[in-house]
Amino acid sequence: MASGQSIAGWIDISPAALSKLRAELELHDKSVLDEMGVGAIHTGYADLFFPGTSVLHTRARYLLFVPWIYLGLAAHPRARADRVRELKQKAELWLTGRLRAHTEDNDEGIIGGRVYPEPPAQPPDFAYWSALREYRLYEGVPRAQLLARWDRARVMLRKDVHTREDRVDQQPLGLFDVPSLPKWWMQEDADVSFQLESDEAEFLRERLAQRRPPCLLGVAARLLGKGSRPNAKTVWGDAFMRRAAEVFDRDHSGPDLRPTSAAVALQRADGASALAELVRAIYAALVEGLREQDLRAAGRLPLPDDHAHYREYLRSYWEDDKGETVRRACDLRLHGLMADIHLPGRLPELLAHVQARASSVRRASDVHARLLDNTTLELFTGLEWDRKRTRARLPRRDGRGRREGFGKGTIRVADINYRWPMVSRMLRDIQEGLPDV
């Protein structure tokens with residue numbers, strides 16, 4: 001086996017299968033499992049505000065690194081079809097190594113940084129290919145086909161198409177519309193970082209701003225400048241993004257453009273995030289209650305010290321400063337949410353039930369009767385069974401095995417961030433690279 005070549009080999013999968021895999025990875029980000037289907041809210045608003053982005057994204061310069069990997073292969077005289085995957089992996093590992101050498105925090109967005117010098121499970125092009133298409137940085141055959149049908153003479157910069165008269169008889173397999181391959185590419189001692197050169201930053205800002213149909217991300221990119229960039233932990237709480245939403249509504253809303261106000265959609269995304277958090281908290285508390293029943297029925301006493309962790313956590317929404325989460329969730333207008341994004345299956349029924357029951361809780365002592373009652377348990381059980389079948393935890397008898405070992409830390413109860421950590425980092429990367437900033 002050639003040095004650096006993965007023992008796992010290469011598997012070509014269809015674009016549809018690739019999209020499904022990316023979606024599954026998205027919904028399992030950072031241990032937040034989507035047991036009740038609220039991930040549809042995350043995907044819906046994230047795609048509405050930030051099309052082309054993914055939770056797998058880290059830094060903006062990968063939008064250029066990935067095309068440069070392929071353009072470097074196209075310029076490599078030994079990059080024949082039988083060696084292209086080996087040489088591609090070599091280029092990816094070179095990039096990871098140079099970034100690690102010149103980045104203070106090796107975990108700060110370096111794809112594969114933690115497993116280097118081994119190749120990562122998902123290479124950079126896996127994460128960024130959809131974005132390349134979305135922002136018109138790539139045009140051509142799907143990623144898997146580009147490698148399977150590799151012909152380096154048919155992979156090129158868009159600006160070079162009209163100068164390649166020696167191959168006018170063949171259509172290009174892939175065209176990359178990005179700045180030219182840097183002179184330092186693949187040099188052993190190259191100083192490579194995530195800092196965008198000024199022309200690169202200007203290019204990416206323009207390409208995002210030109211995305212059609214218009215989106216909030218594009219308007220935000222256009223507004224980047226000195227002292228003008230995102231800084232808040234949430235997209236709905238960020239003053240820069242609220243301004244971008246107002247500009248979007250001024251320039252792009254209307255019956256013939258987009259009837260939904262971006263500013264209003266941001267507010268609804270806030271409430272939907274809080275409501276999804278309550279759904280997750282209730283689910284965890286219901287499973288925990290059934291787990292306690294399992295232990296008592298089996299005579300496995302005394303119970304663990306943290307046997308009521310999730311139920312106490314749910315009660316805390318009405319006992320301390322998390323009461324703001326309940327207010328945000330209960331203020332959400334569900335018909336507006338459904339006007340913004342698609343909610344599949346029985347998800348609207350679930351959200352309406354949780355919202356109504358949460359609104360009726362006046363104090364922490366009401367939580368068990370209003371949110372952990374048999375009606376709620378039956379609804380959650382049915383919905384989880386529809387999604388998970390034999391992997392469901394809530395069915396009293398059939399879910400017993402899946403509840404084995406359930407405890408504090410099994411589920412991370414969290415709100416929805418709509419890919420904001422990745423998007424805000426990308427916008428800051430671009431802003432920091434702009435001239436005079």
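Helices and strands here are DSSP runs, numbered from the N terminus. All the close-ups below come from a predicted model.

**Close-up 1. Arg154, a buried arginine without a salt bridge.** Let's start in the loop between α6 (143-148) and β2 (155-157), which is where Arg154 sits. Which side chain of opposite charge is nearest to Arg154? That would be Asp151, at 4.5 Å. Arg154 does have something to reach for, though: its side chain comes to 2.8 Å from the backbone oxygen of Gln171.

**Close-up 2. Helix α14 and the helices around its buried residues.** Running over residues 347-360, α14 has 14 residues. From first C-alpha to last, α14 reaches 20 Å, close to the 20 Å expected at 1.5 Å a residue. Look for its buried residues: Leu347, Leu350, Leu351, His353, Val354, Gln355, Arg357 and Ala358. What do they pack against? Quite a list of helices: α2 (39-49), α10 (262-297), α12 (323-331), α13 (334-340), α15 (367-371) and α16 (374-388).

**Close-up 3. The cis peptide bond between Arg212 and Pro213.** Most peptide bonds are trans. The one joining Arg212 to Pro213 is cis, with omega at about -5°. To find Pro213, go to the loop between α7 (198-209) and α8 (216-223).

**Close-up 4. A cis peptide bond at Leu301 and Pro302.** Here omega is about 0° for the bond that joins Leu301 and Pro302. Pro302 belongs to the loop between α10 and α11 (309-316).

**Close-up 5. Arg136 and its positive phi.** Most residues other than glycine have a negative phi. Arg136 has a phi near 60°, a positive value in a non-glycine residue. Its spot is the loop between α5 (124-134) and β1 (138-140).

**Close-up 6. Met186, with a positive phi.** With a relative accessible area of 35%, Met186 is partly exposed.

Key
Residues numbered from 1 in each chain as written. Predicted model: local features only at pLDDT ≥ 70, side-chain atom pairs only at ≥ 80, totals over all residues. Heavy atoms only, no water. Helix = DSSP H or I, 4+ residues; strand = E, 2+ residues; numbered from the N terminus. Buried < 20%, exposed > 50% of the residue type's maximum accessible area, 1.4 Å probe, protein only. Lys, Arg positive; Asp, Glu negative; His and termini not counted. Salt bridge = Lys/Arg side-chain N within 4 Å of Asp/Glu carboxyl O. Polar contact = N/O pair within 3.5 Å; in protein donor to acceptor, adjacent residues only side chain to side chain. Expected span 1.5 Å × (residues − 1). Contact = heavy atoms within 4.5 Å.
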